[in-house]
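Have the structure open as you read, and follow along stop by stop.

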Amino acid sequence: MKLGACLLGLLALFGVGKCTYSPEPDQQLTLPPGWVSLGRVDPEEDLSLTFALRQQNLERLPKLVQAVSDPGSPRYVGGLHRFPPTSSLRQRPEPQAAETVGLHLGVTPSIIRKRYNLTAQDVGSGTTNNSQACAQFLEQYFHDSDLAEFMQLFGGDFAHQASVAHVVGQQGRGRAGIEASLDVEYLMSAGANISTWVYSNPGRHESQEPFLQWLLLLSNESALPPVHTASYGDDEDSLSSAYIQRVNTEFMKAAARGLTLLFASGDSGAGCWSTSGRHQFRPSFPASSPYVTTVGGTSFQNPFRITNEIVDYISGGGFSNVFPRAPYQEEAVAKFLSSSPKLPPSSYFNASGRAYPDVAALSDGYWVVSNRVPIPWVSGTSASTPVFGGILSLINEHRILNGRPPLGFLNPRLYQQHGAGLFDVTRGCHESCLNEEVQGQGFCSGPGWDPVTGWGTPNFPALLKTLIDP
């Protein structure tokens with residue numbers, strides 16, 4: 001739409017007589033670190049605007065989220081939406097030992113399933129109303145033909161679906177994106193044989209992902225998948241405070257509804273930015289929101305064997321400069337800060353901020369099919385996030401079959417249970433500022449929760465046992 005006429009019309013609608021802001025050509029605007037002004041927008045440029053009205057009674061929302069997400073609460077339902085009961089729970093074997101061994105030449109669905117103890121029977125039943133979704137932004141699109149070829153190459157040892165059930169939004173034309181291909185292919189192979197939706201979100205907000213546009217779409221839908229994954233994020237300092245807080249309000253609403261939203265923790269370790277010669281770590285949003293479950297990344301200890309996992313040095317993690325530490329993680333974070341043998345200088349991070357990630361999964365060396373070409377060694381928390389999301393969808397399948405609601409907002413339960421059902425990742429550190437003081441090192445993993453891999457990576461049968469009740 002044309003900005004001038006549209007904006008003036010909306011100003012008139014809301015009682016504003018005229019628009020008086022007209023910056024001088026040489027007026028300097030304050031830009032976030034790392035941003036460069038490219039000049040004024042062409043008057044004929046088409047812009048898409050989303051107007052989000054001020055919310056009321058927000059002070060009640062955190063208490064509501066806690067009540068419906070805490071298994072110890074009398075109001076706990078996993079969220080405000082219930083699913084009808086169907087048949088009884090299917091039986092699973094006991095958890096296997098953490099250490100398994102097998103050669104591989106890159107991570108594929110079979111490698112994921114072996115490492116996380118998924119059997120051929122651990123797939124969707126096709127008899128429930130269970131579903132899962134991923135969101136794509138920044139003109140990233142998947143191709144049905146890539147998904148079909150991916151499943152033909154790598155999906156032979158488990159039941160699966162070879163096409164997306166529902167696309168919300170418009171798929172762009174042209175070449176597929178590796179990011180979008182990765183998200184769809186590994187959500188559908190980890191959460192195998194479960195109906196999958198893709199939310200395609202065009203346009204930009206402040207040249208970045210239109211998260212609010214996507215969340216408002218979810219808020220206006222009455223029936224939608226219980227698990228959503230998003231492998232996108234921005235530096236906290238690159239977004240306006242008003243926008244971050246408004247997006248976070250929508251995350252709270254989603255949590256209250258019983259949605260599980262998973263976000264990638266980022267691929268820059270603790271991050272780094274410098275102002276006036278002072279170095280600080282640089283947290284990522286939405287990874288830093290207290291109302292999403294954030295997924296970090298790991299690597300195999302031996303890159304060519306299915307072994308225990310160590311930190312993937314790119315795994316995003318740290319402490320928010322916007323949101324305070326969430327009550328559900330108070331004990332875990334305090335323990336890490338008091339017991340970690342090697343913390344970065346306190347001036348580098350906000351120790352009282354929301355700490356992330358919450359969990360992790362393999363993020364290194366994936367095979368992806370994009371534009372009909374198998375591509376090896378694709379890495380990033382963009383891979384670990386749909387894998388963890390697919391595994392949660394399988395657990396939802398069991399819960400629904402057993403007459404229970406989907407998991408909903410996972411974090412309160414996750415921290416109460418101290419990471420039960422997860423492989424603890426205790427070796428490795430992630431990257432940060434390349435200066436003499438920290439020498440490129442951020443935080444390091446250790447026993448229990450840490451701001452590199454969270455509580456650890458999934459051991460499916462053990463995690464299922466932990467999350468099936470109540």
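Let's begin with helix α9 (residues 381-401) and helix α11 (residues 460-467), whose axes come within 10 Å and cross at roughly 50°. Here axes are lines fitted to C-alpha atoms, for helices over the stretch in contact, with angles from 0 to 180 degrees between N-to-C directions. The two helices are therefore oblique to each other; angles under 35 degrees count as roughly parallel, over 145 as roughly antiparallel, 65 to 115 as roughly perpendicular and the rest as oblique. The crossing of α9 past α11 is right-handed, that is, the near helix is turned clockwise from the far one by less than a right angle.

On the α9 side, F388, I391, L392, L394, I395, H398 and R399 take part, and they meet F460, L463, L464 and L467 of α11. Contact means heavy atoms within 4.5 Å. By class, this contact has nine nonpolar residues, one polar and one charged. Ala, Val, Leu, Ile, Met, Phe, Trp, Tyr, Cys and Pro count as nonpolar, Asp, Glu, Lys and Arg as charged, and the others, Gly among them, as polar.

## Ground rules and the whole chain

This is a predicted model, in which local features need pLDDT of at least 70 and side-chain atom pairs count only at pLDDT 80 or more, while totals for chains, interfaces and linings use all residues. Residues are numbered from 1 along each chain as its sequence is written, and side-chain values use heavy atoms, with hydrogens and water left out.

The secondary structure comes to eleven helices and 20 strands; helices (H or I, at least four residues) and strands (E, at least two) are DSSP runs numbered from the N terminus. Of the 470 residues, 54% count as buried, where buried means under 20% relative accessible area, exposed over 50% and partly exposed in between (1.4 Å probe, protein chains only). Among contacts between residues at least 6 apart in sequence, 82% join residues at least 24 apart.

## An enclosed helix and a nearby loop

Helix α5 (residues 178-190) has 13 residues and reaches 18 Å from its first C-alpha to its last, close to the 18 Å expected at 1.5 Å a residue. That expected span is 1.5 Å times one less than the number of residues. Why is α5 largely enclosed by the rest of the structure? Twelve of its 13 residues are buried, including L182, V184, Y186 and M188.

Q140 sits in the loop between β1 (131-136) and α4 (144-154). Leaving aside neighbours within four places in sequence, Q140 is in contact with G177, I178, E179, A180 and Y232. Q140 and S200 are 60 residues apart in sequence, and their C-alpha atoms are 8.3 Å apart in space.

## Backbone details to check

Most residues other than glycine have a negative phi, and most peptide bonds are trans. Which residues have a positive phi here? L138 has phi near 55°, lies in the loop between β1 and α4, and is partly exposed at 27% relative accessible area. W377 has phi near 60°; W377 belongs to strand β16 (residues 373-378) and counts as partly exposed at 46%.

A cis peptide bond joins F285 and P286, with omega about 10°, and P286 is in the loop between β9 (284-285) and β10 (293-300). Another cis bond joins Y356 and P357, with omega about 5°. P357 is found in the loop between β13 (353-356) and β14 (359-362).
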